[in-house]
Amino acid sequence: MNSMSQGLLRVRERAVKDKSVRFTALLHHITVEALEASYNALKCNAAPGVDGCTWQDYQKDRAERLKELHARIHSGAYRAQPSLRAYIPKSDGTKRPLGIAALEDKIVQHAVSEILAAIYETEFYGFSYGFRPGRGCHDALDSLYMGIITKKVNYVLDADIRKFFDSISHEWMIRFLERRVTDQRILRLIRKWLRAGVSEEGEWSSTKAGVPQGAVISPLLANIFLHYVLDDWVVQWRKEQAAGDVIIVRYADDFVMGFQYKREAERFLKELRERLQYFELSLHPDKTRLIEFGRFAARDRRNRGEGKPETFDFLGFRHICGTTRKDKRFKILRKTISTRMAETIKRIGRTLFASMHSDIDKVGQWLQRVMLGYYRYFAVPGNIRTISSFRYAIGRIWFKALRRRGQKGKIRWDTFSRFEKRWLPVPSALHPYPNERFCAKYT
């Protein structure tokens, strides 16, 4: 592991030193030790792929299996297996397709992604936050907040790329990778994963475009693709064409931009559609909006006899133009998206009713873990009232579920309130204000 880390460190140093260097020999970084580190980095409880092999199954004779896998990779005998198709529900009622890779494919993908990350993490811009080491959703939210507050932002472009992961062009993907990687053995591995296809209910189908959501390497490939298609272009556009302030925050394929001038925002949106079309992508017509938003939006709309400024959603939060209580200075209010909170409440409620005959303390322990996890994400300053309503709704559902345990001796509210106080955590702000965390991290 130490030799692997040192090898990748040298790759990274070279990538930083020379932005035009193309790496011709990288496969030797995939050692048996690197494969074992990748195996240990995988989630041990993840669903198996088409081969049905779990992390625990592979643990038996692991050393021999990894040696044999290493030999197949370096001899060219390694073959990628199709992804197993699965679906997860989305908040809008539709289902998101996932591709579950076979365990050995996950191991090799992780090892290759470590190599690619050593190169591309030196290229990615600071406004890119999704699936990157040391960066998370709240870093992106803080950056967006600070960008709108500190820059002259009067209009916000809330953009959504239609079916991005399913639409990534394989040809363009390889062409982008070849700008820094010319080791054909590494590129051949990536081509195998892109062309492996999917298996759904025992039927195999080819994949002519897209990367499977859920694959270990897909987030990095997506970031590389958007780095060249979007990020590089935005930086150049802002430098050469913008007269006013322009900001951007991107988390994977979800990005928000702010503009000082409406005419520039409209011109950018028009050119963005054309650029995405060139790379075989498109904006979702119903989920892409240019709205008036910023410190003067409420005043200007009021002077025109219009309603309150429109809101936009980003990473689970609805962003609203607001003011401070004391001096009425502009601030951004962030509230949990109501539809997503309602879906979470329904999902928890189904479990509570299904387990209404289970031991109350065991259900309470589970419920406490779930709610604390929810708080850890959504308990930001200014959102505590919404979180409190979430707690109240969960408490009412649990009470109703327990009331159905039997016809006789139904639980009374005063009795239930003891369980509520014990197991339902009271919400409080678990995150600092965006300016505090952002400044502490980046200044």
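Asp183 and Arg185 form a salt bridge, with their closest N and O atoms 3.2 Å apart. A salt bridge here is a side-chain nitrogen of Lys or Arg within 4 Å of a carboxyl oxygen of Asp or Glu. This is a predicted model, in which local features need pLDDT of at least 70 and side-chain atom pairs count only at pLDDT 80 or more, while totals for chains, interfaces and linings use all residues. Residues are numbered from 1 along each chain as its sequence is written, and side-chain values use heavy atoms, with hydrogens and water left out.

**Salt bridges**

Side chains of opposite charge can pair when their charged atoms come close. The whole structure has 25 salt bridges. Three of them are listed here.

| Pair | N to O distance |
|---|---|
| Asp183 and Arg185 | 3.2 Å |
| Glu306 and Arg304 | 3.0 Å |
| Arg391 and Glu420 | 3.9 Å |

Asp183 is buried, at 2% relative accessibility, whereas Arg185 is partly exposed, at 37%. Buried means under 20% relative accessible area, exposed over 50%, and partly exposed in between (1.4 Å probe, protein chains only). Glu306 is partly exposed at 38%, and Arg304 is partly exposed at 44%. Glu306 and Arg304 also belong to a salt-bridge network with Glu292 and Arg301.

The side chains of Arg391 and Glu420 meet in a salt bridge. This pair links distant parts of the chain, 29 residues apart: Arg391 is in helix H15 (residues 384–403) and Glu420 in helix H16 (residues 413–423). Helices (H or I, at least four residues) and strands (E, at least two) are DSSP runs, numbered from the N terminus. Both Arg391 and Glu420 are buried.

**Nonpolar cores**

In the largest nonpolar core, which has 77 residues, Ile30, Leu116 and Leu177 touch the most other members. Helix H10 gives the most to this core, with 13 residues. A nonpolar core is a set of buried Ala, Val, Leu, Ile, Met, Phe, Trp, Tyr and Cys residues joined through side-chain atoms within 4.5 Å. Beyond four places in sequence, Leu177 is in contact (heavy atoms within 4.5 Å) with Leu116, Tyr120, Leu187, Ile190, Leu221 and Ile224. Another core, of 49 residues, lies apart from it and includes Val249, Tyr251, Ile360 and Val363.

Ala252 is in the loop between strand E6 (246–251) and strand E7 (254–259), and is buried at 8% relative accessibility. Glu280 is in the loop between helix H11 (262–278) and strand E8 (289–292), and is partly exposed at 48%.
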